[in-house]
Amino acid sequence: MTSFLSIRTDLRNSGADVVDQDVAVDGNLITSRSPDDLPVFCDTLVTYLVSNSIQEEVMA
């Protein structure tokens, strides 16, 4: 996952694998670092939701 700088140490101490990237995707969890990353985060989220929607239609 990725997160705001001020809580990265807490996340690592809690067992998270923290990376310094605009967006991190781990299964259904999509995280970003800060509001500056919102454009990339939103694009990633929309792509993920559309992809899962298409998969559900195919499986139905």
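Is Asp37 buried or exposed? Asp37 counts as buried because its relative accessibility is 7%; buried means under 20% relative accessible area, exposed over 50%, and partly exposed in between, with a 1.4 Å probe and protein chains only. The model is predicted, so local features need pLDDT of at least 70 and side-chain atom pairs count only at pLDDT 80 or more, while totals for chains, interfaces and linings use all residues. Residues are numbered from 1 along each chain as its sequence is written, and side-chain values use heavy atoms, with hydrogens and water left out.

Asp37 sits in the loop between strand S2 (29-32) and helix H2. Helices (H or I, at least four residues) and strands (E, at least two) are DSSP runs, numbered from the N terminus. Apart from neighbours within four places in sequence, Asp37 is in contact (heavy atoms within 4.5 Å) with Gln21, Asp22 and Ser32.

The next topic is charged side chains. A salt bridge is a side-chain nitrogen of Lys or Arg within 4 Å of a carboxyl oxygen of Asp or Glu. By this rule there are four salt bridges. A network of them links Arg8, Asp20, Asp22, Arg33 and Asp37.

Arg8 and Asp20 form one of these salt bridges, with their closest N and O atoms 3.3 Å apart. Arg8 belongs to helix H1 (residues 8-13) and Asp20 to the loop between H1 and strand S1 (23-26), so the pair ties together parts that are 12 residues apart in sequence. Arg8 is buried, at a relative accessible area of 12%, whereas Asp20 counts as exposed, because its relative accessibility is 53%.

Asp20 also forms a salt bridge with Arg33, where the closest N and O atoms are 3.0 Å apart. This pair links distant parts of the chain, 13 residues apart: Arg33 is in the loop between S2 and H2, and Asp20 in the loop between H1 and S1.

Arg33 meets Asp22 in a salt bridge as well, at 2.7 Å from N to O. With a relative accessible area of 33%, Asp22 is partly exposed.

Helix H2 (residues 38-59) includes Val50. Val50 counts as partly exposed because its relative accessibility is 43%. Together with Val46, Ile54, Val58 and Met59, Val50 forms a nonpolar patch on the surface, with about 540 Å² of accessible area in total.

Key: Patches are made of residues with over 30% relative accessible area and no salt bridge: like charges are joined within 9 Å, nonpolar side chains (Val, Leu, Ile, Met, Phe, Trp, Tyr) within 5 Å. Accessible areas come from the Shrake-Rupley method with a 1.4 Å probe; for residues, only the protein chains shown count as cover.
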